[in-house]
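Biologist: Please go through this model with me and set each label against its definition.

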Amino acid sequence: MPAALITGTSTGIGHVTAEVLAARGWRVFATMRDLTRKESLESALRNAGLEERVTFEQLDISNRASIQAAVASILSQTENTLDAVVHNAGVAVAGALEDLPESEIRRVMETNFFGVLELTRTLLPTFRAQRRGRIVLVSSQAAFAGQPANSIYCASKWALEGWTESLAYELDAFGIHVIVIEPGPYRTQIWRSTPRILPPESPYLLWLRQVSRGADRHEARAARDPKEVAIVIADALEAPRPRFRYPVGFFARLDHFLRGKIPTRLIRRGTARYLGLPRTR
């Protein structure tokens with residue numbers, strides 16, 4: 001039974017990926033920052049008769065001690081082997097850069113980027129020793145093009161992609177595959193849990209309100225079932241020769257295709273028009 005560690009499994013893509021992998025015969029270590037939020041996944045697994053294949057572990061991806069403790073616990077249960085890690089945990093903050101509290105900026109970067117680096121560094125000795133392993137990173141459509149009022153989340157995903165492209169060179173000789181999953185809009189909790197910073201005194205307030213309304217309309221009409229992403233992750237984990245990059249969904253594939261082919265100015269105008277924003281100069 002192959003074993004995988006998945007971060008951020010309390011909701012969304014991580015939640016469904018744990019279910020899909022367990023159904024395919026994987027041993028899953030479902031991690032989350034707060035184990036009191038495991039009830040939803042635990043219930044779904046119980047109903048499907050899969051609870052024996054999933055072990056819950058506490059892991060705060062932004063805390064080094066938590067990462068080390070979780071990895072030590074997991075490896076002690078697998079005779080120091082692991083087939084894959086799925087970096088799914090992620091957060092966002094919406095707003096204009098001038099309005100964003102520094103604490104929110106650092107929270108996003110610590111979770112989406114630095115935490116991923118730390119967990120990967122902790123697991124690499126195991127992957128190298130066994131000369132195999134798959135590192136799957138749930139990136140985003142936001143890694144292809146900037147998005148209004150979403151600059152810090154986009155920055156974290158762009159940083160992640162540059163790092164993974166470089167990392168793949170380092171790990172190739174050890175039989176370790178690096179795989180990037182890039183979903184478009186999917187129905188996950190991040191749409192509702194993301195703080196929206198709209199200070200009443202902000203010079204961007206009217207624009208931010210328009211962005212917020214446009215984003216909500218986009219999510220309502222375009223967001224799809226996150227199980228589609230989970231299936232792509234599972235397929236990539238089980239593929240004999242996985243691709244490096246997997247854009248998932250229409251909008252992700254569109255942005256992936258357009259990047260570098262048409263001027264950025266046209267992409268910005270098209271995005272602004274789609275969201276109902278004032279025309280970009």
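Modeller: H1 and H8 cross in a right-handed sense. This is a predicted model, where local features need pLDDT of at least 70, side-chain atom pairs count only at pLDDT 80 or more, and totals for chains, interfaces and linings use all residues. Residues are numbered from 1 along each chain as its sequence is written, and side-chain values use heavy atoms, without hydrogens and water.

Biologist: What makes the crossing of H1 and H8 right-handed?

Modeller: A crossing is right-handed if the near helix is turned clockwise from the far one by less than a right angle, and left-handed if anticlockwise. The crossing of H1 and H8 is right-handed.

Biologist: Why are H1 and H8 called oblique to each other?

Modeller: The axes of H1 (residues 12-23) and H8 (residues 227-238) cross at roughly 50° and come within 8 Å. Angles under 35 degrees count as roughly parallel, over 145 as roughly antiparallel, 65 to 115 as roughly perpendicular and the rest as oblique. H1 and H8 are therefore oblique. Residues in contact (heavy atoms within 4.5 Å) include Val16 and Val20 of H1 and Ile233 and Leu237 of H8.

Biologist: What makes a space a cavity?

Modeller: On a 1 Å grid over the protein atoms alone, a 1.4 Å probe fits at its points but cannot get out. The structure holds one cavity of 30 Å³ or more. The largest cavity has a volume of about 30 Å³. Its lining (residues with an atom within 4 Å of a point) is Phe144, Ala145, Asp255, Leu258, Arg259 and Ile267.

Technical notes. Axes are lines fitted to C-alpha atoms, for helices over the stretch in contact, and angles run from 0 to 180 degrees between N-to-C directions. Helices (H or I, at least four residues) and strands (E, at least two) are DSSP runs, numbered from the N terminus. On a 1 Å grid over the protein atoms alone, a cavity is a set of points where a 1.4 Å probe fits but cannot get out, and a pocket is an open set with protein on both sides within 12 Å along at least five of seven lines; lining residues have an atom within 4 Å of a point. Grid points are joined across faces, edges and corners, and a volume is the space filled by probe spheres set on the points.
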